[in-house]
Structure formats: structure tokens, C-alpha cells
Amino acid sequence: MQPNQPLLAPLTVGELALPHRIVMAPMTRARSTQPGDVPNALNAAYYAQRASAALIVSEAAQISPQGKGYSFTPGIYSQEQVHGWSLVTDAVHQAGGRIFLQLWHVGRMSHPDFHDGALPVAPSAVPFEAQIWKVDAATGIGAMVDCPTPRELERAEIAAIVEDFRRGARNAIDAGFDGVEIHGANGYLVDQFLRTTSNRREDEYGGTRENRLRFLKEVVDAVAGEVGAHRTAIRLAPFLTTRGMDCPDILPTILDAASFLQSRGIAYLHLVEADWDDAPEFTEEFRQQLRTRFARPIIVAGNYDKPRAQWVLEHGYADLVAFGRPFVANPDFPRRLSEDLPLAEFDGATLFGGTERGYTDYPALPLAAAA
């Protein structure tokens with residue numbers, strides 16, 4: 001490790017030996033093959049270009065057709081999808097990288113057009129304001145569209161979704177992933193169960209904090225039981241307030257979840273911090289409280305730059321830092337960050353959907369490049 005470069009220190013996560021602490025964050029790119037939401041060779045090239053990350057967390061993959069909420073996002077429930085993902089994992093491993101798959105059920109963050117006209121599902125049928133990206137079948141043009149009020153899940157359906165998470169984790173390992181990260185953040189289904197603003201049930205899956213934690217615990221137990229706790233991780237968003245998720249009890253709920261996750265021995269906890277203007281502050285007090293509950297590896301993500309990343313590592317509040325948008329335009333981002341080389345800007349218009357433009361056509365810097 002270079003002096004004053006905590007980002008470059010090696011670390012073991014689960015059973016993976018990581019060469020440094022710079023993680024590629026999961027980012028929806030919506031470039032799967034249609035029909036069938038199948039990963040493809042273009043996806044494999046994209047991830048292999050970025051294999052110098054300490055760990056890649058893939059874009060989220062829906063665990064079932066019901067779990068889909070955006071156009072052209074990949075799945076992890078069909079054999080065609082498993083085969084497609086194996087192209088990705090083979091390419092990443094051949095390039096010397098490590099990769100976890102993010103398991104996804106969007107819950108209410110969806111649209112009836114993805115479900116043959118049926119409403120999206122959620123813990124409770126609560127109106128909320130949010131949008132998803134959907135391609136118009138007639139024009140082929142994508143746009144942000146409003147989400148409707150969802151339908152409340154029945155208890156038997158909840159058990160079936162837990163099984164979908166378990167099966168998705170098994171499929172991911174069969175596809176060659178090094179592990180899986182449960183998407184429990186950003187207002188998606190696991191997150192919806194955690195918050196009073198989206199979960200107003202009065203049965204064993206709602207009401208008290210312990211009941212609201214039940215779905216998360218069942219999903220983690222199912223996934224860890226299937227593929228091992230050392231291959232299981234989860235992403236949470238303590239300070240999320242958008243998408244109708246401003247819950248007054250969420251911080252104590254996340255702390256209780258952290259205690260459970262520590263006891264379960266998962267590979268890591270991934271915290272996504274609010275990254276929009278005027279967002280709530282991710283307080284140092286909360287970081288300290290969380291660390292007392294969870295001593296295993298923590299990844300943080302949310303508009304980090306090099307000084308802020310080094311600060312959070314030096315204080316022991318995190319063990320790795322994930323970067324999203326910088327990895328889009330800079331496939332060699334760990335080198336650029338560690339050597340203070342210039343960063344290219346990404347084209348926001350090409351984030352969702354499309355071809356290789358804005359996806360695999362960003363060049364790495366020549367090895368002789370200077371700062």
C-alpha cells in the first residue's frame with residue numbers, strides 16, 4: 001500500500017481476496033437482449049473492461065417476471081438468462097476480476113405494462129410518487145413514466161417471493177458469480193417492507209419494527225442458506241426520503257437489521273447514501289452507531305471523491321467505497337483514481353438502453369498517460 005492510500009490496501013471479503021478498496025457500484029444500463037431480458041456479449045465486454053475494480057456489483061437482475069420494473073433490464077430466473085450471465089462472469093474472471101450479482105424485486109416501482117396489465121405489488125396498497133424508465137412499444141423510445149398505486153401482497157405470495165430470491169441466488173452461482181447482493185435499497189421491495197410509509201400491514205409482516213424486518217430476514221436466510229453467508233450481501237439506504245420512503249423509524253430499523261446481518265455472518269453490508277441536492281446528511285453519529293452493530297465489511301456509495309473516500313476508510317466507518325458514474329466513462333477508473341489521472345465525463349443520455357455508444361466505447365488511458 002502506498003502512504004496515505006487506504007483505498008489501495010488489500011482486503012478479504014467473504015472468501016474473496018480483493019487487491020484494493022475501489023468497488024464498481026451497481027448501475028442500471030438496460031441493454032439486455034429482447035425478448036427475454038437475456039444478458040449478452042455486449043454486456044460481457046462492458047463488465048470485462050471494468051474488471052480492475054476490487055469488486056464489481058452488477059446491475060440489478062429481476063428474480064422473476066413480477067420483479068421487473070424497467071425496460072430491458074436483465075433477469076436471473078430463466079436458463080437463457082443464466083447462460084447469458086455466464087458470458088459476463090467468464091469475461092470478468094478471464095480479465096482477473098471478481099463480480100457479485102445484485103438480486104432485484106422492484107415491488108411497487110413498476111408499471112402494469114410489464115405485467116400484462118396487472119398492478120405492481122407491494123407490502124401495502126399505498127399511493128406514492130415515483131417514476132420508472134419504460135420503452136414505448138410502438139415508437140421504441142424510452143421515457144420516465146409514473147408508477148400507479150400498487151396491489152397489496154397476500155401472505156402466501158410473500159413466501160413465493162422469498163423462494164424466488166433463493167432460486168435467483170442459486171442461478172447466479174450456477175452462472176459463475178462470486179456471490180450475490182440483495183437489493184434492499186432505493187425504494188424497492190425489501191426497502192418497502194422496512195418502512196412505515198410503504199408498509200402499513202398489521203400482520204406478521206408489518207406494524208412493529210420486528211415485523212417489518214421479517215421479510216428482510218427471511219430473504220437473507222433463504223439466500224445464505226442456499227449459497228452460503230460468505231456469498232451473500234445486501235444493499236440498504238438508511239437516509240432515502242424520495243419515492244415515498246421518508247420513514248421516521250427507518251434508522252433504528254436499519255440498526256436492528258445490521259445486528260441481524262452481523263449475526264448471520266454475511267459477506268458485506270452495502271450502504272447507498274443520498275446523492276441528490278439537499279439530501280439528508282448521512283451523519284457521523286449514525287455511522288458510529290452502525291459500526292457498533294456491524295463489524296464485518298461495509299461498502300459505502302454516493303458521490304464519493306478520493307479525499308472523502310479516504311476519510312471514511314481512515315475513520316473505520318467503511319471498508320470499501322463504491323463508485324457508479326465514474327466507472328461508466330472510465331473503464332480503468334481504479335488506476336485513474338489512485339494515480340490522480342484525469343477523468344472522462346459520461347454521457348447521461350446514453351445511460352439507459354441503446355448500443356455500444358456510451359457503454360463499451362469509452363477508452364482506457366494509455367499506460368504511459370501522466371497526471
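Visitor: Which residues of helix 8 are buried?
Guide: In helix 8 (residues 284-293), the buried ones are Phe 286, Arg 287, Leu 290 and Arg 291, where buried means under 20% relative accessible area and exposed over 50%, with partly exposed in between (1.4 Å probe, protein chains only). Helices (H or I, at least four residues) and strands (E, at least two) are DSSP runs numbered from the N terminus. This is a predicted model, in which local features need pLDDT of at least 70 and side-chain atom pairs count only at pLDDT 80 or more, while totals for chains, interfaces and linings use all residues. Residues are numbered from 1 along each chain as its sequence is written, and side-chain values use heavy atoms, leaving out hydrogens and water.

Visitor: Why do they line one face of the helix?
Guide: Seen down the axis of helix 8, the buried residues fall within an arc of 135°, taken from the directions from the helix axis to the C-beta atoms, so they line one face.

Visitor: And what covers them?
Guide: The cover includes helix 7 (250-264), strand 12 (268-272), strand 13 (298-301) and helix 9 (306-314).

Visitor: Switching to Gln 5, is that buried or exposed?
Guide: Gln 5 is buried, with a relative accessible area of 8%, and its place is in the segment before strand 1 (11-13).

Visitor: What is Gln 5 in contact with?
Guide: Leaving aside neighbours within four places in sequence, Gln 5 is in contact (heavy atoms within 4.5 Å) with Lys 306, Gln 310 and Ser 338. A polar atom of the Gln 5 side chain lies 3.3 Å from the backbone oxygen of Ser 338.

Note on methods: A polar contact is a pair of N or O atoms within 3.5 Å; within protein, one must be able to donate a hydrogen and the other to accept it, and residues adjacent in sequence count only if both atoms are side-chain atoms.
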